[in-house]
Amino acid sequence: MSEVTLDSLTKRYDEEVAVDGIDLTVRDGEVLGVIGPSGCGKTTTLRTIAGFETPTEGRVLFDDDDVTHVPPEDRNVGLVFQSYALFNNMSVLDNVAFGLKMQGVDKEERRDRANELLELVGIGEHAEKDPRQLSGGQQQRVGLARALAIEPRILLLDEPMTGLDAKLKKRLEEEIGSLLDELNVTTLYVTHDQEEAMVMCDRIAVLNDGRIEQIGTPAEIYERPANAFVADFVGTSNAVSATIEDGRMDLGFATYDIDDIPETAEGTAIVRPGDFRVGEGDIEGVVRDRYYLGDRVRARIELPNGDLVTVALDPSTENARTGDTVSLVLDPSGVHVLRSE
Amino acid sequence: MNTIRSFVSPRTEADRERRRIAVMCLPYFVLATFGAFLPLGMLARMSVSESQFSNEGFSLSAWELLLTEPVYREIAWNTLWFATATTLFSVAVAVAISHALAKYQLPFRRWIVAMVSFPIALPGIVVGFMIVVLFGRTGLLTNAVAFFTGENPIDLAVALTVGGLFLGYSFSLIPRATMVLRGTFAEINEDAEEAAKSLGASPLLTFRYVTLPQVWPGIVAAFVLTFRTALAIFGTVLVLPALNVATLRINLEIQSLGFNLATASAIGLIYFVFIFVFTFGGVKLIDNESLKI
């Protein structure tokens, strides 16, 4: 495994900038998630690491090796595709053994190692089948086993769960997550699904318009977003104008003591839906709509100043209906303030 | 009776579907009856006719002639090897062109496609003439090469050799093979190709193990279509008669060698049966899902 570094990486297509001066390090053995909206440069970044795109500027380093201009076949990179990209003219076993064959490993050994990997990903009994006979989840496991077979310097996963049904996706997340932990593979995990990234990744980079907005652990990204884009993109948030003065935060509808921003500032308070609860609080509001989501209810509540806030309610204890006036309690410890520039 | 009733006033969706299929196929059967089945029947009758000018009597002399005269074996051999060679060459060139068109963002792409496909519209006779204009004794390229090498243009002219005929055939066949293969190459799973490269396969090995199996049915289809066309080329070989092939011979039998309708019909029938069996075999090969290389 390797540490992979992107050094001021830029990729332009004519006038369009797909990746704009990214500096990023995937640490040895780490699973780094890359999330962002469509067209933000996630896949271009991944393809540049794989060698399928040549950067316009900047470098790609595997440890200290500059691989910027090394062709894909000489990079030893494992790629897992959303489309599975299996070789349908070969059996499942031959798919997994393909990379070893290209490395010149003898037939006996590559069969043994391919069988081992298929057992590891839980589909050993399907070794001799045509890949098209397998379900989507099974095909993705074959793709993963095939990529791992060559013991890659970095494993690149490009939206590997997209297209799978919700239940299978959840199971695969757990299985692949623990497999990557166990094997300690340096991994770049590209997804548009932030929840998936939070489950699978040690750290997450949030991309927007080809630039990195923030890199951090899932908790840091969620609880301490670096800017309004990250706050808005990761999870649901309420952006409320705030004035901070002498350790007190005035949200317009209520005032709270806070510790971490002592100086005077104008800014935006990022309040997550879970920071509110219905109770004997000092914020009055009217429930404008509510959606039952099984384990929680998401409601939008109109505050006296006309602002709408999204609130996560516990369906077993909080049964406010549309049109009800409720009293809200806000836990200020979860509130994160973005100071105005 | 029930079949007629369900056709006239169908009651189920299956009946209606059968009727739609029958209506859609009707023009083809009418055309095939008058354009193929009847003429073929006439050919069969003519090939065993005793009279040279009308379908009278019964004689197998034309068939005996085909089986015993060495010249007809030579024609069969010439027809087969030349069609095979030009087809293999044309399909190989078409694979390279189709691959390049599908894979790379080529400049002037539309122009290239137009240039590659336009010979389809040219009659064989024009193609033959173009070969003469380029590679004949007074041909443009012949004289250009003669100018730079100091050789005599008469020694360099290839238009009326087997090589010239080969060029003429290829000129007509390459576009046909390319048109078939372009569709096949457009559907290649590029993710699989990239997966192979990331696993260490060179571009050549990627083509061998991943691309070729995907395009193989298309190559077989292109081979079948192109080979049939090669067997049927007439105009080009009429202008460049370097090799005695079946189409040229049929023309000779009817015109230059006298009105040998029985012999010409027998050659035509063999030609038809061969192409029919060959096409049937080719389609079966393409349909075979276990087709692997």
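Modeller: Helix 4 of chain A passes helix 5 of chain A in a right-handed crossing. Helices (H or I, at least four residues) and strands (E, at least two) are DSSP runs, numbered from the N terminus. This is a predicted model: local features need pLDDT of at least 70, side-chain atom pairs count only at pLDDT 80 or more, and totals for chains, interfaces and linings use all residues. Residues are numbered from 1 along each chain as its sequence is written, while chains are lettered from A and ligands numbered from 1 in the order in which they are written.

Colleague: At what angle do helix 4 and helix 5 of chain A pack?

Modeller: The angle between helix 4 (residues 136-149) and helix 5 (residues 166-183) of chain A is about 15 degrees, and their axes are 11 Å apart. Axes are lines fitted to C-alpha atoms, for helices over the stretch in contact, and angles run from 0 to 180 degrees between N-to-C directions. Helix 4 and helix 5 of chain A are therefore roughly parallel (under 35 degrees; over 145 is roughly antiparallel, 65 to 115 roughly perpendicular and the rest oblique).

Colleague: Which residues meet there?

Modeller: From helix 4 of chain A come A:Gly137, A:Gln140, A:Leu144 and A:Leu148, which meet A:Leu168, A:Leu172, A:Ile176 and A:Leu183 in helix 5 of chain A. Contact requires C-beta atoms, placed from the backbone, within 7 Å. The residues of this contact divide into six nonpolar, two polar and no charged. Here Ala, Val, Leu, Ile, Met, Phe, Trp, Tyr, Cys and Pro count as nonpolar, Asp, Glu, Lys and Arg as charged, and the others, Gly among them, as polar.

Colleague: Turning to the strands, in what order do the four in the open sheet lie?

Modeller: The order in chain A is 17-16-15-18, with antiparallel pairing; two strands pair if DSSP finds at least two bridges between them. Strand 17 (308-313) and strand 18 (325-330) of chain A are the edge strands, each pairing on one side only. On average, neighbouring strands of the sheet are turned by 55 degrees against each other, direction ignored.

Colleague: How many bridges join strand 16 and strand 17 of chain A?

Modeller: Six bridges join strand 16 and strand 17 of chain A in the antiparallel sense, and A:Arg298 stands opposite A:Ala312 in strand 17. The two strands form a hairpin with five residues between them, and A:Gly306 in the turn has a positive phi of about 95 degrees.

Colleague: Finally, how many residues of chain B are in contact with chain A?

Modeller: 16 residues of chain B are in contact with 17 residues of chain A. Helix 10 of chain B gives the most to the side of chain B that touches chain A, with seven residues.

Terms used
A crossing is left-handed if the near helix is turned anticlockwise from the far one by less than a right angle, and right-handed if clockwise. Two residues are in contact if their C-beta atoms, placed from the backbone, lie within 7 Å.
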